Amino acid sequence: MSKTVHFGRIVRERREALGLSIAKAAELCQMSYKGLEEIELGDSNPKLSSILSISAALGIDLDELNFCVRGSG
């Protein structure tokens, strides 16, 4: 699994666990609906600033993203 797909899966699972729509999560992350959707689908390689914004808004521990940074893919 690629790093972008893995990150997208983490984001989607966390968003769903919080009961948020993509639109509401995008608002909380201060990004566009389309931008967040592309990240969740693994179609976008997010910038570090986007990763940090998403992590803070959705309460994703950066340790969960260790694979995304160091893992293969």
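Q: Which side chain meets Arg15 in a salt bridge at 2.6 Å, N to O?
A: The side chain of Glu40 meets Arg15 in that salt bridge. A salt bridge here is a side-chain nitrogen of Lys or Arg within 4 Å of a carboxyl oxygen of Asp or Glu. Arg15 lies in helix H1 (residues 3-17) and Glu40 in helix H3 (residues 33-40), so the pair ties together parts that are 25 residues apart in sequence. Helices (H or I, at least four residues) and strands (E, at least two) are DSSP runs, numbered from the N terminus.

Q: What kind of model is this, and which pLDDT values are needed?
A: This is a predicted model, in which local features need pLDDT of at least 70 and side-chain atom pairs count only at pLDDT 80 or more, while totals for chains, interfaces and linings use all residues. Residues are numbered from 1 along each chain as its sequence is written, and side-chain values use heavy atoms, with hydrogens and water left out.

Q: Back to that pair: are Arg15 and Glu40 buried or exposed?
A: Both Arg15 and Glu40 are buried. The relative accessible area is 8% for Arg15 and 5% for Glu40. Buried means under 20% relative accessible area, exposed over 50%, and partly exposed in between (1.4 Å probe, protein chains only).

Q: What does Glu40 touch, leaving out residues up to four places away in sequence?
A: Glu40 touches Gly8, Arg9, Val11, Arg12, Arg15 and Ile22. Contact means heavy atoms within 4.5 Å.

Q: How many salt bridges does the structure hold?
A: The structure holds four salt bridges. One of them links Glu16 with Arg15, the closest N and O atoms being 4.0 Å apart. Glu16 is partly exposed, with a relative accessible area of 48%.

Q: What about Lys34 and Glu37, where do they sit relative to each other?
A: Lys34 and Glu37 are three residues apart in helix H3, which means that about one helical turn separates them. Their side chains meet in a salt bridge at 3.8 Å, N to O. Glu37 counts as partly exposed, at 21% relative accessibility.

Q: At what angle do H1 and H4 pack?
A: H1 and helix H4 (residues 48-58) pack at an angle of about 25°, with their axes 11 Å apart. Axes are lines fitted to C-alpha atoms, for helices over the stretch in contact, and angles run from 0 to 180 degrees between N-to-C directions. H1 and H4 are therefore roughly parallel to each other. Angles under 35 degrees count as roughly parallel, over 145 as roughly antiparallel, 65 to 115 as roughly perpendicular and the rest as oblique.

Q: Is the crossing of H1 and H4 left-handed or right-handed?
A: The crossing of H1 and H4 is left-handed. A crossing is left-handed if the near helix is turned anticlockwise from the far one by less than a right angle, and right-handed if clockwise.

Q: Which residues in H1 and H4 meet?
A: Phe7, Val11, Arg14 and Arg15 in H1 meet Ile51, Ile54 and Leu58 in H4. By class, the residues of this contact of H1 with H4 are five nonpolar, no polar and two charged. Ala, Val, Leu, Ile, Met, Phe, Trp, Tyr, Cys and Pro count as nonpolar, Asp, Glu, Lys and Arg as charged, and the others, Gly among them, as polar.

Q: And how do H2 and H4 pack, in angle and distance?
A: H2 and H4 pack at an angle of about 110°, with their axes 8 Å apart, and are therefore roughly perpendicular to each other. The crossing of H2 past H4 is right-handed. Ala25, Leu28 and Cys29 in H2 meet Ser53, Ile54, Ala57 and Leu58 in H4. That contact of H2 with H4 has six nonpolar, one polar and no charged residues.

Q: Last topic: which residue has a positive phi of about 60° although it is not a glycine?
A: That residue is Gln30, which is placed in the loop between helix H2 (22-29) and H3. Gln30 is exposed, with a relative accessible area of 74%.
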